[in-house]
Amino acid sequence: MTHNPRPVNKKFWTPGVYVMLAFMAAGAVAVIARFTGGIGYVSNLSTARPWGLWVGVDVATGVALAAGGFTTAALAHIFGRHAYEPVTRPALLTAVLGYTFVVLGLMVDIGRSWAIWKPMFNWNPNSVLFEVAMCVMFYLNVLYIEFLPIVAEQFKNSVRLPGTLALLNRPLEFLLQFADRLLDKFMWIFIIAGVVLSCMHQSSLGSLMLIAPTKIHPLWYTPILPLLFLTSAFSVGYPMVVFETTLATTSMGLADEMEILTPLIRITIFTLGTYMALKLGDMMVRGTWVYLLDGTYQTNAFLIEIILGVIVPWCMLLSLRVRQSRSLLFTACSLIVGGVALNRINVFIVAYSPPVSHSNYFPAPGEFLVTAGLIATLMFIYRFVVTFLPVLSGSREVSV
Amino acid sequence: MIRKIMVWAGVVMLGACLCSAEVWKAPDQEKAKERAKELVPFVDAVKDDCKVLRRVCLLDKGIDIKDVETTYFHLESPIIKAREDHYGPVRFAHKRHAALIGDCTACHHYRPKDESMSETTRCSACHQEAFKADNPQRLGLKAAFHQQCMACHKQEAKGPVNCTGCHLKNVPDHKELVKLPDDADPFQVTAECRRCHDAQAEDMLTTAHWLWKGPSPFTVKHRKDIQHGKGTTALNNY
Amino acid sequence: MNINRRGFFKVMGAAGATAMTPAAGARAWESAAPPDAFGCLVDLTRCIGCRKCEEACNRVNGLPAPEISFDDPTVLDTRRRPHEKSYTVVNRYFPGTLDTHDQLVPTFVKLQCMHCQDPACASACIVGALTKKENGSVYYDVGKCIGCRYCMVACPFEIPAYEYHDPVTPRVMKCTFCFERISKENGLPGCAQICPVEAITFGRRDTVMALAKQRLKDNPGKYVNHIYGEKEVGGTSWIYISSEPFEDLGFPSLPDRPTPKLAETIQHGLFSYLWSPILLFGVLGGIMRRNEKKNVHGKDKEARHDA
């Protein structure tokens, strides 16, 4: 199979893009409000509920759903399944954008955004968050380096800046050529480093909440929380690829890539099965199933997460008919993506109930606007990049 | 307008009264003040008798209210003032309390272990600095006063238990607080006082100081409606 | 993908060497509580709810004036929590005991940072802005803080508050144990110094702990047989004794295990000397190289041979 990605030659300004712009504008207003009135001005965060939507969705869910990047890279480049290379580039782009927005989300959420560089010089090796921050920082760099060849591929031999900027043509051309050649030699280091760093911080995101044993509902609080986070990240990687490839190919009128996606998702049966076994086994071992029928919003959220987000899609994937049907596969993968996203939201927001002040939390409109704005910006840039850079496999583009 | 002038005049008169008071000093108060300044040697070891034994002991020695020498104390000490100083001293009627309670051991609960020392000592002999590292269970003087007085007042449902029931609050230095121009007129002065003491000014308007009539211990049968006097028939000649 | 042969063996060698030493790094978790730290004993049977401690705290820490005066007792009608403008608050509880006049007896509870022996906030803090000092105080260094609020997530007592309405330089606000004051000779925390009844006893933690035990022993039946903070979350510098059960006074029931223990054990077990990432790097590198070789032999043997 020839893997020949190229820019999508499609109209950029569609109605969907205008909708994204509207969300981006609303989000920008909320961000301006946050940086003039303070976090308290736009959010419902309090002493007892210091982390809310921004950490639960922008950061935790964002990192989890960017898992497609390292799982496909591991499969295609490390385990040598080159057949899957067509999906590595869109997955890489998703990861680049996902992590960039994790950092942007953090900038909004942390009180002293200007001090975000301080963990580089003030180390606290006891802190789980310190490890996560270091990994995310290094991984973001690794991702950009991995993405650089795509930029180089498009623009080398064709740097034509207009007017006085033309002076820069030669040095830029040289830089691109040099980067392309140098990176080709050392790319293996970055690919493996990317996978290692991902394994580290995907699991450590789960360790974050181990510091609050009295605040996290026992259905979620388990010493194997980091392992559950890691296995769920493995599980959500390929479904996320299916999810976004299906969305992208549909919205841009490209050929579906079922001949890649169908075999790819078979791996998920194994990873999701492991995650499911660990999660159910942990529930049995710790005897937390007694809470299942409490009927509180917390246990209901757990039931939705485990049944709709794990068990149902896993059973669906067992069937070859589902794996081969575009719509059924999309449904199953959406359920998995939703299940893992809900898991992160559950662990960071729903499961968190401070026992002293019993403080309740529901995100303020300002929080929703910031998050929606960030997601819209991410989608906007994704569309922009695939339109102008060789990311999607254009060879199988169908005429509409 | 006239009211304001009169308030101001009242303040001047009050000030004049206070100034003249400096001339005469109550001797027992002066003595109590001097006494409160004294520091006595610390009694480390006490004889830990039970309350009954202690009472019997005092009975045997024939110590009772007739032996009370000092009628009046100022409950304060340099030990307390060194740390915090927000309230004036408590004026403690020693003899009166002794007579009311009739039991010296209510306060003089232990005696020094050293038999040569007096049977009853002052509080500050045993209770001094708080949180002494070598003697952490011994209460400091401030806590000893408060615990003793308040516990008993609560127990007997008699006597004040709130801060200002026993203490006057220290008056803050008004040099810093009062903001007036050099040649302030009476209205500015009154307004400046009322900036903080508005409630007191309002209260004052209902008193005899302002109305020149009202219930008084010096009227016949404490009558309120005085027919003659400054409020009515007398000439306001000041 | 082209793996440079020499580079690969270098990396593998380092991985192997480091993987040998995990046992040395993953030592059993040990408490880092300072040995001779200060502590405070709060005797709830003594507290009269005068709120002088709140007033003194406000004064010595230069906090903003409260909306309602410290002399106003109606404040006690509502339950309050420490917040960004007051490090300590006193709450009134009526656990149900009646006095001789059939009136409910109030119990007053002073709340502030407990200054844990092994503070979860200090373990959590990404930059080490929160540290347990030798004198026992859990100290906040605003110069390091980035405002992630993980300390607030971690604190089992829900104490650290945040200046949510400061857009650029918000601070985490909590009791400092009057760090500067108690660092001086004979220095006392503002609250302990002003307390009129010595409801707060300040001293070395083991001294006040012994004092608490002595009071429980000397007054049989007066206190519940529990020193709150002796064992909770591995022990706290501030400890409480009470005549009413602590559950009825808003104290959270907490495990004896130090809060940071589990997360720190996992973190240090996995990441001491980065042994696991390096091992994983080596293993993945090995797999990659094997697959690479297979590919080379299978496909374009000649072309690669020249290179």
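Student: Which residues is Lys279(A) in contact with, leaving aside its neighbours within four places in sequence?

Tutor: In this predicted model, Lys279(A) is in contact with Trp220(A), Leu228(A), Phe302(A), Glu305(A), Ile306(A) and Asn343(A), once neighbours within four places in sequence are set aside. Lys279(A) itself lies in helix α9 of chain A.

Student: Is Lys279(A) buried or exposed?

Tutor: Lys279(A) counts as buried, because its relative accessibility is 5% and the cut-off for buried is under 20%.

Student: Which residues of α9(A) and α12(A) meet?

Tutor: From α9(A) come Met258(A), Leu261(A), Ile265(A), Thr268(A), Leu272(A), Tyr275(A) and Lys279(A). On the side of α12(A) they meet Arg326(A), Leu329(A), Cys333(A), Ile336(A) and Asn343(A). By class, this contact comprises eight nonpolar, two polar and two charged residues.

Student: At what angle do α10(A) and α12(A) pack?

Tutor: Helix α10 (residues 297-318) of chain A and helix α12 (residues 326-350) of chain A pack at about 150°, their axes being 8 Å apart. An angle over 145 degrees counts as roughly antiparallel, so α10(A) is roughly antiparallel to α12(A). Their crossing is left-handed. Among the contact residues are Phe302(A) and Glu305(A) of α10(A) and Asn343(A) of α12(A); these three residues are also in contact with Lys279(A). The contact of α10(A) with α12(A) has 16 nonpolar, six polar and one charged residues.

Student: How do helices α4(A) and α5(A) cross?

Tutor: Helix α4 (residues 67-78) of chain A and helix α5 (residues 85-109) of chain A cross at roughly 150°, and their axes come within 8 Å. That angle makes α4(A) roughly antiparallel to α5(A). The crossing is left-handed. Gly68(A), Gly69(A), Thr72(A), Ala73(A), Ala76(A) and His77(A) form the α4(A) side of the contact, while the α5(A) side includes Val87(A), Ala91(A) and Leu92(A). The classes here are six nonpolar, five polar and one charged.

Student: Which residues touch the most other members of the largest nonpolar core?

Tutor: That core has 150 residues, and Phe147(A), Met209(A), Phe348(A) and Tyr150(C) touch the most other members. Leaving aside neighbours within four places in sequence, Phe147(A) is in contact with Leu92(A), Leu93(A), Val96(A), Val385(A), Leu389(A) and Val391(A). A second, separate core of 43 residues includes Val89(C), Cys155(C), Cys195(C) and Tyr240(C).

Student: What can be said of chain C as a whole?

Tutor: Chain C has 11 helices and nine strands. Of its 307 residues, 54% are buried. Among contacts in chain C with a separation of 6 or more, 60% join residues 24 or more positions apart.

Student: Where is Gln177(A) placed, and what is it in contact with?

Tutor: Gln177(A) is in helix α7 (residues 169-207) of chain A. With a relative accessibility of 22%, Gln177(A) counts as partly exposed. Beyond its neighbours within four places in sequence, Gln177(A) is in contact with Lys156(A) and Asn157(A). The C-alpha atoms of Gln177(A) and Ala152(A) are separated by 7.2 Å, although these residues are 25 residues apart along the chain.

Conventions
Residues numbered from 1 in each chain as written. Chains lettered and ligands numbered in written order. Predicted model: local features only at pLDDT ≥ 70, side-chain atom pairs only at ≥ 80, totals over all residues. Heavy atoms only, no water. Axes fitted to C-alpha atoms, helices over the stretch in contact; angles between N-to-C directions. Helix = DSSP H or I, 4+ residues; strand = E, 2+ residues; numbered from the N terminus. Parallel < 35°, antiparallel > 145°, perpendicular 65-115°, else oblique. Left-handed = near helix turned anticlockwise from the far one by under 90°. Contact = heavy atoms within 4.5 Å. Nonpolar A, V, L, I, M, F, W, Y, C, P; charged D, E, K, R; others polar. Core = buried A, V, L, I, M, F, W, Y, C linked by side-chain atoms within 4.5 Å. Buried < 20%, exposed > 50% of the residue type's maximum accessible area, 1.4 Å probe, protein only.
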